[in-house]
Amino acid sequence: MKKTNWWKNAVFYQIYPRSFQDTNNDGIGDLPGITQRLDYLAFLGVEALWLSPVYASPNDDNGYDISDYQKIGSEYGSMQDMDELIAKAQEKNIKIIMDLVVNHTSDEHPWFQAALAGPENPYHDFYVWRKGIDGQVPNELLSNFGGSAWSYVPALDEYYLHLHSKKQPDLNWENPKMRQAIYQMMNFWLAKGIGGFRLDVIDLIGKEPDQLITKNGPKLHELLQEMNQATFGNYDVVTVGETWGATPEIAQLYSDEQREELSMVFQFEHINLDKQAGQRKWDLKALEPQELHAVFSKWQTELAGKGWNSLFWNNHDLPRIISRWGNDQEYRELSGKMLAIYLHFMQGTPYIYQGEEIGMINYPVTDIAEVDDIESRRMYAERSAAGYSKEEMLTSINAKGRDNARHPMQWNDGPNAGFSQGTPWLPVGDSSEINVDAALADKHSLFYTYKRLIELRKKETTIIDGDYQVIETNNPLVLAYQRQLGSDKILVVVNFSKEVQSYQFIENPQIKAWLITNYQEQLTNQLQPYEAFALKIL
Ligand code: GLC
Ligand code: CA
C-alpha cells in the first residue's frame, strides 16, 4: 500500500456528534445531522472529520464507554447512516476518522459481561483482575476521574482495573486473543473506507499495574507496531494517538515514519501551562504567553524531520480557547483570529474543534446541578468532601470543565441555535451574535480567517515543510516566529495581550507580501490588542 501522507497538508475538524446537529428532534445530534452539514464543512475547507465516539454505549462517559464497537449507538442513527456519511463525505474529498477507544470498554460490553462469569471464562482474561490485599484494593492506583482505579466484584472476590470510571474496565493488552479481537474490529472499520483513527488514551495500553505504571509502559511501542502491521499499516490512512504523557522524545517514537507506529500524536504540554505545578487541572494559574511560545517552539524544533506534530487549541475535553487564553468579551473575534494565526503557520496537522471557527465561548454555570460531565461531577464530590467552597469549585469548572466545549453547535440565532427543535441534551449558549449564519454573512468574520488559513496551507509548502525559528521581539507578550524553505520566508507576529504593545526586531523585515492580518496591512513598531499577521519576507 502506497502511503501518500495526505494528512500532512490537510486541516482536520473534530465533531462532537452529540452536539453537532440533531435531525430527528430528540435533542441529540446524529449522523444524518453531520451528513446534512457536509457542504458547510467542505466550504470551510477541512479534509478530515474526527468523530468522537458514535458506537453503542450506555454513555457513562458520553460514548467513551463502548458496549459494541461494530454497532452505531441508536441515538446517532444506524450503520446505514454511517455508510452514507462515509460515502457522501468522500464525494466532497472529506475523510471520516473514527475514535478508537481500546484502552477500555464499557462494563456493559458482552466481553466484560462474560468476564464476570469467572476465571474459567475465556473473556475473563480480556480484562485486568487482581486479588485484594487484606480486604483492601490491590494497590494505590488512582482513576483519572478520581478515587481508586480498582472496583471489587464480590461474586469473584476480585478487583478489576479501571483507569477511568468504574463503568470503563481496562482491557488486558497482555492477552493476544484480546488483541486479535480488537484488530479484527479495526479491520472491519478500515474495510468501510474510513480515513483513519484517533486512538483514545493510547499511551495507557502498555500499563504494568503491579509496578504502578500506567502511561508509557515498557511494551507500548511494541504493541503499536503490532497493531500497525495487523490493521492500518495496510491502508493509506491517518492515525493520531491521544498521549497526555508524551514528551518530544516519546512523540518521535510514535511518529517517526521508519518505526511504523502512528502518523502523529496529540501532546498536551501547552495545555498544562495554566495549572499549578504538580496539581490537577482544576488548580488554576494564569498563562504566561512566553512559556507557551517556548513549549510550541520546542515541539516545532524537536519533531522537525523526526516525527510529526498535531496542532490544536481545543477538543471535547478542554475549555473554549477564546475564553481560556483570548478574550471572550470585547475582543472575541480579534483574539480568536490571533490564536488561529499563531497556530496555523506551524508545522503539523491542525485540528479545529466544532464551533472554534465561529468563536464559540465557554458556558458558565452557577450550580453543579447544571453540569453533565462525569469528570467535573466527580471532582465536585471529592472536593466538597475535602472542604473546598462551592465558589472555588465552580470557578474551576467554569474555567476548565469539559462541558464548556460540549454545548450544542450554534448554527443560527433562532430557537436552540438551529441545533434541534426538541430539548437539547445540554443547553445551548447565547447564539444571538455567535452563530454560523452570521459568520458566513460577514466577510471579516473569524470563520473567513480559518478558511484563509486552510487555503494557505494548501498553497504554501513552506508551512508544511519549512524550518522553524523563533524571532526575538523585545517584548514577552509579542510572540513571533519564522518559517523558511529555501529562499521562501514567512514571518508570523502576534500580540498575545489585550493592550497595545511596542516591539522591536533585531533586523527589520523586508515585506514581500501580506498573507493575513486581523487589522490593517501596515507594519509599525506597535501592535493593537491581539493584533496578528503573517508576511512573506525577503
Ligand atoms: C479521553 C477522551 C475523554 C475520555 C477518556 C476516557 O481522554 O478524550 O473524553 O473521557 O479518554 O475514554
Ligand atoms: Ca437526534
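This is a predicted model: local features need pLDDT of at least 70, side-chain atom pairs count only at pLDDT 80 or more; totals for chains, interfaces and linings use all residues.
Local features need pLDDT of at least 70 and side-chain atom pairs count only at pLDDT 80 or more, while totals for chains, interfaces and linings use all residues. Residues are numbered from 1 along each chain as its sequence is written, chains are lettered from A and ligands numbered from 1 in the order in which they are written, and side-chain values use heavy atoms, with hydrogens and water left out.

**Stop 1: ligand 1**

Select ligand 1 and the residues around it. There are 14 of them, and Asp61, Asp200, Glu242, His316 and Asp317 come nearest (a residue counts if one of its heavy atoms lies within 4 Å).

Now show the side chains of Glu242, His316 and Arg402. Glu242 has a polar side-chain atom 2.8 Å from an oxygen atom of ligand 1. For His316, an N or O atom of the side chain is 2.9 Å from a ligand oxygen, and for Arg402 the distance from such a side-chain atom to an oxygen of the ligand is 3.0 Å. How much of ligand 1 does the protein bury? Taken alone, the ligand exposes 310 Å², and 96% of that is buried by the protein (areas by the Shrake-Rupley method with a 1.4 Å probe).

**Stop 2: Ser255**

Next, pick Ser255 in helix α7, residues 248-255 (helices are DSSP runs of H or I, at least four residues; strands are runs of E, at least two; both are numbered from the N terminus). Ser255 is buried, at 4% relative accessible area. Buried means under 20%, exposed over 50%, and partly exposed in between, with a 1.4 Å probe and protein chains only. Leaving aside residues up to four places away in sequence, Ser255 touches Leu262, Ser263, Met264, Lys306, Gly307 and Trp308 (heavy atoms within 4.5 Å).

**Stop 3: two positive phi angles**

Go to Asn25, in the loop between β1 (12-15) and α1 (31-36). Asn25 is not a glycine, yet its phi is positive, about 60 degrees. Is Ala417, your next selection, buried or exposed? Ala417 is buried, with a relative accessible area of 2%, whereas Asn25 is partly exposed at 34%. Ala417 sits in the loop between α12 (390-400) and α13 (436-441), and its phi is also positive, near 55 degrees.

**Stop 4**

Finish at Pro364, in the loop between β13 (349-353) and α11 (374-385). Pro364 is exposed, with a relative accessible area of 57%.

Methods: A polar contact is a pair of N or O atoms within 3.5 Å; within protein, one must be able to donate a hydrogen and the other to accept it, and residues adjacent in sequence count only if both atoms are side-chain atoms.
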